[in-house]
Amino acid sequence: MKIEENIGVVASFELPEGWQRDEPTEIGSRTTHVFHPAEGRELLFCHHLREQHLSRPAAQKFEQTLYAPFHNLSEGEIADLSEVFEGLSNNNVFSISEASTDYLNDRRIVRILGDWKGRNLTMLSCFVDRDGDGQKVQNLYFSAPQDQFRDTVEIADLIFRSIKWVTG
């Protein structure tokens with residue numbers, strides 16, 4: 001199923017057959033678009049949009065990290081980007097196994113892979129600079145039960161690789 005509508009900086013992407021979308025959830029200046037298989041919500045692909053600007057120091061650190069040469073993030077960088085990563089930077093609730101800068105279809109991203117503690121969920125999350133100045137962040141993520149993640153990561157890869165970015 002192809003979704004062709006602008007969701008933040010995403011112009012379109014493809015979902016596996018049998019997936020559906022929920023109504024977007026809005027909380028304050030944040031909107032989350034959720035997509036999942038029709039038979040359940042164990043697997044999720046989500047777009048989390050934040051309309052609120054990051055603080056100037058957080059935006060500068062995000063921009064600096066994102067556009068530096070590709071690298072694995074240090075613990076210090078993860079701590080410095082806590083405003084960007086929100087709960088993912090809290091090691092009391094989320095355990096990061098990988099954090100790095102990368103490309104996703106010709107766009108720079110910060111990629112985080114890890115597990116929600118006590119929730120049996122693994123999440124692959126990609127943080128995107130929406131406007132090119134580090135001020136607004138879009139988080140695209142795929143989550144699955146920990147014991148199913150290895151078997152479903154191929155689905156995540158297909159969805160992420162299908163993303164076409166808004167241009168202009």
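How many of the residues of β10 are buried? Nine of its nine residues are buried, so the strand is mostly covered (buried means under 20% relative accessible area, exposed over 50% and partly exposed in between, with a 1.4 Å probe and protein chains only). Helices and strands here are DSSP runs, numbered from the N terminus; a helix (H or I) has at least four residues and a strand (E) at least two.

The model is predicted: local features need pLDDT of at least 70, side-chain atom pairs count only at pLDDT 80 or more, and totals for chains, interfaces and linings use all residues. Residues are numbered from 1 along each chain as its sequence is written, and side-chain values use heavy atoms, with hydrogens and water left out.

Strand β10 has pairing partners. Two strands pair if DSSP finds at least two bridges between them. β9 and β10 run antiparallel and are joined by nine bridges. In this region L121 stands opposite P145 of β10. β6 also pairs with β10 in the antiparallel sense, over six bridges. Here H47 stands opposite L140 of β10.

A separate description covers an open sheet. Three strands form this sheet, in the order β1-β2-β11, with antiparallel pairing. Its edge strands are β1 (2-7) and β11 (164-165), each of which pairs on one side only. Four bridges link β1 to strand β2 (residues 10-14), again in the antiparallel sense. I7 has V10 as its bridge partner in β2. Helix α4 (residues 146-162) lies across β2 and β11.

Charged pairs were examined next. Side chains of opposite charge can pair when their charged atoms come close. A salt bridge is a side-chain nitrogen of Lys or Arg within 4 Å of a carboxyl oxygen of Asp or Glu. A search of the whole structure finds eight salt bridges.

One of them joins E86 to R50, with the closest N and O atoms 3.7 Å apart. E86 lies in the loop between α3 (82-85) and β7 (94-104), and R50 in strand β6 (residues 44-50), so the pair ties together parts that are 36 residues apart in sequence. R50 counts as buried at 4% relative accessibility. E86, at 31%, counts as partly exposed.

R130 forms a salt bridge with E51, the closest N and O atoms being 3.2 Å apart. R130 sits in the loop between β9 (121-129) and β10 (137-145), while E51 sits in the loop between β6 and α1 (56-67), so this pair ties together parts 79 residues apart in sequence. R130 is buried, with a relative accessible area of 14%. E51 is partly exposed at 39% relative accessibility.

K61 and D80 meet through their side chains in a salt bridge of 3.8 Å, N to O. K61 belongs to helix α1 and D80 to helix α2 (residues 75-80); the pair links distant parts of the chain, 19 residues apart. K61 counts as partly exposed at 32% relative accessibility. D80 also counts as partly exposed, at 41%. Finally, salt bridges that share partners join R30, R50 and E86 into one network.

Methods: Contact means heavy atoms within 4.5 Å. Axes are lines fitted to C-alpha atoms, for helices over the stretch in contact, and angles run from 0 to 180 degrees between N-to-C directions.
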